[in-house]
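Q: Could you walk me through how to read this structure, one feature at a time? I'd like the general idea and then the case at hand.

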4 protein chains.
Amino acid sequence: MSLPQTNVRPPFNVTRASHLVLTSRDLAKARDFYTEVVGLKVSDETATTIHLRGLEERAHHSLTLKRTKEEPACERVGFRVFEEEDLEKAKAHFDRCGIPAKFVNVPFQGRTLHLADTAGTPLEFCARMKTLPRMQTRTHEHKGAGALRMDHFQVLTPDVVSAASFYTELGFRVSDYYCAAAGRIIGIFMHRKDNPHDMVFLTRAGPRFHHFGYIVPEMHHVVRALDCAGNLGFGENIEHGPGRHGHGHSYYVYLRDPDGHRLELLLPAIQIIDIDDEPMRYDVKPGNTNLWGLPPPRSWFEECSPLIGAKVTAPDVQGEPLTLEKYLFAKGDAAKPEPVKKRA
Amino acid sequence: MSLPQTNVRPPFNVTRASHLVLTSRDLAKARDFYTEVVGLKVSDETATTIHLRGLEERAHHSLTLKRTKEEPACERVGFRVFEEEDLEKAKAHFDRCGIPAKFVNVPFQGRTLHLADTAGTPLEFCARMKTLPRMQTRTHEHKGAGALRMDHFQVLTPDVVSAASFYTELGFRVSDYYCAAAGRIIGIFMHRKDNPHDMVFLTRAGPRFHHFGYIVPEMHHVVRALDCAGNLGFGENIEHGPGRHGHGHSYYVYLRDPDGHRLELLLPAIQIIDIDDEPMRYDVKPGNTNLWGLPPPRSWFEECSPLIGAKVTAPDVQGEPLTLEKYLFAKGDAAKPEPVKKRA
Amino acid sequence: MSLPQTNVRPPFNVTRASHLVLTSRDLAKARDFYTEVVGLKVSDETATTIHLRGLEERAHHSLTLKRTKEEPACERVGFRVFEEEDLEKAKAHFDRCGIPAKFVNVPFQGRTLHLADTAGTPLEFCARMKTLPRMQTRTHEHKGAGALRMDHFQVLTPDVVSAASFYTELGFRVSDYYCAAAGRIIGIFMHRKDNPHDMVFLTRAGPRFHHFGYIVPEMHHVVRALDCAGNLGFGENIEHGPGRHGHGHSYYVYLRDPDGHRLELLLPAIQIIDIDDEPMRYDVKPGNTNLWGLPPPRSWFEECSPLIGAKVTAPDVQGEPLTLEKYLFAKGDAAKPEPVKKRA
Amino acid sequence: MSLPQTNVRPPFNVTRASHLVLTSRDLAKARDFYTEVVGLKVSDETATTIHLRGLEERAHHSLTLKRTKEEPACERVGFRVFEEEDLEKAKAHFDRCGIPAKFVNVPFQGRTLHLADTAGTPLEFCARMKTLPRMQTRTHEHKGAGALRMDHFQVLTPDVVSAASFYTELGFRVSDYYCAAAGRIIGIFMHRKDNPHDMVFLTRAGPRFHHFGYIVPEMHHVVRALDCAGNLGFGENIEHGPGRHGHGHSYYVYLRDPDGHRLELLLPAIQIIDIDDEPMRYDVKPGNTNLWGLPPPRSWFEECSPLIGAKVTAPDVQGEPLTLEKYLFAKGDAAKPEPVKKRA
């Protein structure tokens, strides 16, 4: 089982993970969460749709919330290509590959190409969006985490090597990958922009949308977000962290939005640009893989947002990740009992 | 059941929680933990004893570690009185009360008075210690949390009102207290210095030593401590947090030292000085009492350091605190199962 | 010339520097500055008076702004005494000393005693104030520096030893003092609460009110305050800093409010409680006395708020402090000229 | 006068500003400054050369210091190209342009191409370097600013448009540019990587090397660097800041190393990737252009490191930037005099 190779002469120029469309059962509550806890700015708002962007984003939106009465889901995952002509090249490429792709109109976006990756993730590519002024220096208006910009997506899929090869063919490079016993690859981090992750696949039943990540400036912004969450009735929405990833990309916290969608707030990750930056292999060992902090709870491993239109299948081999529940159970067995139970 | 009243004309002037004596099975490992993770400075060191102080402490030591081959324990909890003559007044006071108290010689300390409080906690009072230069501006030498100074002690005892009355008689004021059903007082925070806590009692089997707290300057120092813990093999010593206390005193993290003694790293708490600062009552409700962050694990509620020479008894009514284990178990029952378990 | 000795059995119990009354020519602008940049909360507001408090203050106000058409001035400097009966003791003490003191009614305060110290600073003492809920955990509502609480006052006076002796007689302890050539004392820091400063005197023409200090939680709050100042039209109000005091108490920045009153935002200072904490002497040497950061500009040394009713006199010996202007001038003389001034 | 246009089909793929060669009269002192204040790691060290890298850099060096007995100078400015074959393409490109370029051997680097840009800046390009483990998670070993990675270079030159066109021809995009009266372009910020600056030109006598920038993670790392500078005898090396740039890229501080070379420590800048990110124009107006903080001192505008082998010429029109000296002088004229100069 080997890592897919990056095509260094890709058919078109994808530049970055850029935007996301989620559905919500309660737009008002979701708006409250994303503006007051995450700190996004509302760019546009109607009775059925809210467009939000991070504080430094000149692009009109990185998160679109659409009202639904169904189960909340992830409707589409968006990437930028560099130029309009990359869209034509993309269409030609997918036609050659036999992957159905069609141009659609999306509000506030330039020409947009819809398709699904080979894992089944619904994607869209565009080169242009309406622009708005960056807000990152207007500190007096910042709230919550003061999230700066969309950073990456994580999708669960039963076969990560197959799923990743769609992206490496488009020029995505692998920054990190996780191996289980016998070198079986169970996680792949890929990037086009200058940090380790635009798209991440982990092995589990899928395709399902696991989380998206927004960059926040400093650790105290994470703390302010958690204070705001606690004060505004979103305290239970903190699922995991704050902690620090074991492979060292960054500090993180995982939240669940009011519809159950998971997002990560993370500090700016390391820069990866050079040809010398060979993929790093991490062999998953028993125990907590974080530099510090408790392992993620079971919900982090098992719960996801459905991807609209995607058919979910399970992997051949189920992982047995160390959940917080297992960790505590194992620890409890070794614990000292209370010395005295009754007053003498 | 009523809160003990502060004696505003106390028999002598206790000024603050100041120092602590713990025993350790492995002084080298404990030294490593306290200097590299907590960031204390070694003031003196022999084959059997290490004296440590916080970065801003002019006092020779706030933590004394003594080598033991027995179960690690808390040997003594130390308070400062203002002047030498307060020690004489203290001796006279305890003689009047029929509490055995004797003067002893303790290295690097002025005349020192030994006794036990009515809960059974072994105490000592002194007015003077050898002084050393404060180190808080020598930032280039700071490590880990860069802990500044000893702040408070927490002791478990079956009868907190009785335990607290020993201290209120000495002029300690109550900042906060916790009530369970029917107004039963189960926790009392008391102070002499200008913040909410020098001595804290919680209701459980006791007297047992629950934790001591060191003040750290900023949240990023807490994060550095946790990074250091993770890097230096103390990652499993992080027991609970980082989080924020529900009654708002401060941000915290709880660690266990290599001998299992528990310490809290906390940011500077609020100032309490005025007569207007009436005790605040908190009614303990089901659920997580933190502003944010998971509840403490079972170990936080159950495990303690023994107090040397103290006889432990259990309370009449056992509390049923919400542990992390219970919290996750309750949450798990409501969790969504994974949608697909096998590949079609 | 010797330091005044602290009276350890003071006639009454002053507890802390607590509040301040300033006059303002433009209450709306001052309100904007104190709420958006400093982060104070408005407790009460009329057409002619605004009462403000820090985020953790339970006391109704620590800053009172009164509308004036005259030159903005400092009307009164306020201290807390512990109990109502301390006010009676204070009155008796000042009567004995021949210092005129009278009881007055001040809104939202308990019985209040007015007098002037021997330097001419108009003072007031009270034991009680209306209380309001502390706001320090309501992070989602915090703005600017998120200032927590009033900390200290600094007054200029021609004879600091004489001025300080009024306070040492009331039990104030000296934490630090500055000496010029021949041991002439030119600055005295005194405290009652558990940090180095409630009242500070520096030698210059006076009595004039130099600044008051509010505690802010972390350095990033200082940065947020400066961002807010820059965004809201108060960028020119930053007079000096951020920097770190040479004697190590803390990080600081000095601002001028819209009426020209100077305030310091500083991080929590070190704790000083023990009898062992002897006064620290600093001999002022030529050059910058900060740990880092440029020296203060000339305005910092020369400009002040007048104290209402006080008659200003100059000291016998004028100091020659190193101003930023002098520092740059001296540096400029040693600077390398530009290598080429005209294109060949 | 118009902005040079980016060649979107550049002759070869430059990826980023990556490394720098400076000369030093005192390697031991320079080493002390860069490791203890800036926080770089030594990768290799001999009697005559020190190679240093930032904490997250996998590349062997981003800063090379060479011992000299001459005036300290900047020997060479280094960029990465993506692949080895980009070097061949580069050589062919410069041959076509009539720009002398030759391949040289540089320790720890792959094949390296030397040339000068049209402004006269000595450059080198390479695709590969020896790699070493990233150190960014080894927090317990971090010092000073904990600088993460080399970010950008700033060069002064009499004709910025001409100088910049060399780079735009190589595919550099303009993020920001400054205009003086009549739209005269006096500053151009250009980038290849995903932030606003790899190479910056400002109009003054040149070519001279103004500064290089290292990214630091959070503001408190800047503060720690300044504390370390103050403690270790480098307090006078702080030239300007901390402050925040007016165009909002980031927080900064400028230091002078022991040889007088200037470096900027800055927080991670905004991300710039999209075709929508049109160059931003800033019209320089009288007054302080920072969001907050004093203007830079005269030395910042006038002093530079010579570029070895470059012939310096002056611009046709001299700028009249607002220096700190001018700012204070103008302010002083408006200042209130001290009210009383002599004791009555």
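A: Let's begin with salt bridges: a salt bridge is a side-chain nitrogen of Lys or Arg within 4 Å of a carboxyl oxygen of Asp or Glu. Before we apply that, note that this is a predicted model, where local features need pLDDT of at least 70, side-chain atom pairs count only at pLDDT 80 or more, and totals for chains, interfaces and linings use all residues. Residues are numbered from 1 along each chain as its sequence is written, chains are lettered from A and ligands numbered from 1 in the order in which they are written, and side-chain values use heavy atoms, with hydrogens and water left out.

Q: How many salt bridges does a search of the whole structure find over all chains?
A: The search finds 104. Take A:Arg9 and D:Glu85, whose closest N and O atoms are 3.4 Å apart. A:Arg9 sits in the segment before strand S1 (14–24) of chain A and D:Glu85 in helix H2 (residues 84–97) of chain D, so this pair joins two chains. Those helices (H or I, at least four residues) and strands (E, at least two) are DSSP runs, numbered from the N terminus.

Q: Which parts of chain A does the pair A:Glu88 and A:Arg111 link?
A: The side chains of A:Glu88 and A:Arg111 meet in a salt bridge, 2.2 Å from N to O. They link distant parts of the chain: A:Glu88 is in helix H2 (residues 84–97) of chain A, while A:Arg111 is in the loop between strand S6 (102–104) and strand S7 (112–116), 23 residues apart. A:Glu88 is partly exposed, with a relative accessible area of 40%, and A:Arg111 is partly exposed with 40%.

Q: What about C:Glu45 and C:Arg31?
A: Their side chains form a salt bridge at 2.4 Å, N to O. C:Glu45 belongs to strand S2 (residues 41–45) of chain C and C:Arg31 to helix H1 of chain C, so the pair ties together parts 14 residues apart in sequence. C:Glu45 is partly exposed at 39%, and C:Arg31 is partly exposed at 29%. Salt bridges can also share partners: A:Arg16, A:Arg80, A:Arg128, D:Asp274 and D:Asp276 are joined that way into one network.

Q: How do I read a helix such as H1 of chain C?
A: An α-helix has 3.6 residues a turn, so residues three or four places apart point the same way. In helix H1 (residues 27–38) of chain C, the buried residues are C:Leu27, C:Ala30, C:Phe33, C:Tyr34, C:Thr35, C:Glu36, C:Val37 and C:Val38. Just after that helix, C:Gly39 takes a positive phi of about 90°.

Q: Now for the interfaces. How many residues do chain B and chain C bring to their contact?
A: Contact means heavy atoms within 4.5 Å. Chain B brings 41 residues and chain C brings 42. Buried area is the accessible area (1.4 Å probe) that two parts lose on being put together, summed over both. Between chain B and chain C this is about 3,700 Å², with carbon and sulfur atoms giving 43%.

Q: What salt bridges does the rule find across the interface of chain B and chain C?
A: There are 16. C:Asp274 forms a salt bridge with B:Arg16, their closest N and O atoms being 2.8 Å apart.

Q: And how does chain D touch chain B?
A: Ten residues of chain D are in contact with ten of chain B. The buried area here is about 930 Å², and carbon and sulfur atoms give 58% of it. On the side of chain D, D:Thr139, D:His140 and D:Asn231 lose the most area to chain B, together 49% of what that side buries. The count of salt bridges between these two chains is zero.

Q: What relates chain D to chain B?
A: Two copies of a chain are related by a rotation about an axis and a shift along it. Chain D can be laid on chain B by a turn of 180° and a shift of 0.0 Å along the axis, with an RMSD of 0.0 Å; copies are superposed by least squares on the C-alpha atoms of residues with pLDDT of at least 70 in both. That is the relation of a two-fold axis. Among the residues of chain D, D:His220 comes closest to the rotation axis, at 4.0 Å (C-alpha). Also, 100% of the interface residues of chain D are interface residues in chain B, so the copies meet through the same surface.

Definitions and conventions: Buried means under 20% relative accessible area, exposed over 50%, partly exposed in between (1.4 Å probe, protein chains only).
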